[in-house]
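This report describes the nonpolar core and the salt bridges of one protein model. Please have the sequence and the structure at hand while reading.

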Amino acid sequence: MIAEIEVGNVATVSRLGRDYLKVGYYTKIFFVERDVRYIAINDGVDSAKGDNDFTPFRNLLKNTRHLGGVNC
């Protein structure tokens with residue numbers, strides 16, 4: 001997918017991954033530089049509608065299986 005984005009064949013990406021550091025890099029830098037729209041329907045994220053400051057926190061919580069004995 002990344003190679004296809006680099007050559008300009010992709011305009012929109014949905015559901016990227018669970019590694020919040022990589023997701024952050026792609027959504028904040030890589031996609032922005034290449035004018036690629038990012039959509040995460042379940043999280044209410046659409047880069048065409050502006051920045052969502054809660055996205056990094058959601059990604060972090062999704063990667064945490066247990067926090068103080070409570071499932072996240």
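Leaving aside its neighbours within four places in sequence, with which residues is Phe31 in contact? The model is predicted, so local features need pLDDT of at least 70 and side-chain atom pairs count only at pLDDT 80 or more, while totals for chains, interfaces and linings use all residues. Residues are numbered from 1 along each chain as its sequence is written, and side-chain values use heavy atoms, without hydrogens and water.

Beyond those neighbours, Phe31 is in contact (heavy atoms within 4.5 Å) with Ile5, Val13, Leu16, Tyr26, Val36 and Tyr38.

Phe31 also belongs to the largest nonpolar core, which has eight residues: Ile5, Val13, Phe30, Phe31, Val36, Tyr38, Ala40 and Val45. Such a core is a set of buried Ala, Val, Leu, Ile, Met, Phe, Trp, Tyr and Cys residues joined through side-chain atoms within 4.5 Å. Buried means under 20% relative accessible area, exposed over 50%, and partly exposed in between (1.4 Å probe, protein chains only). At least two residues of this core come from each of helix H2 (20-33) and strand E2 (37-40); helices (H or I, at least four residues) and strands (E, at least two) are DSSP runs, numbered from the N terminus.

The whole structure holds two salt bridges, each a side-chain nitrogen of Lys or Arg within 4 Å of a carboxyl oxygen of Asp or Glu.

| Salt bridge | N to O distance |
|---|---|
| Arg34 and Glu33 | 3.3 Å |
| Asp46 and Arg37 | 2.4 Å |

Arg34 is partly exposed at 33% relative accessible area, and Glu33 is exposed at 58%. Asp46 is buried at 12%, whereas Arg37 is partly exposed at 34%.
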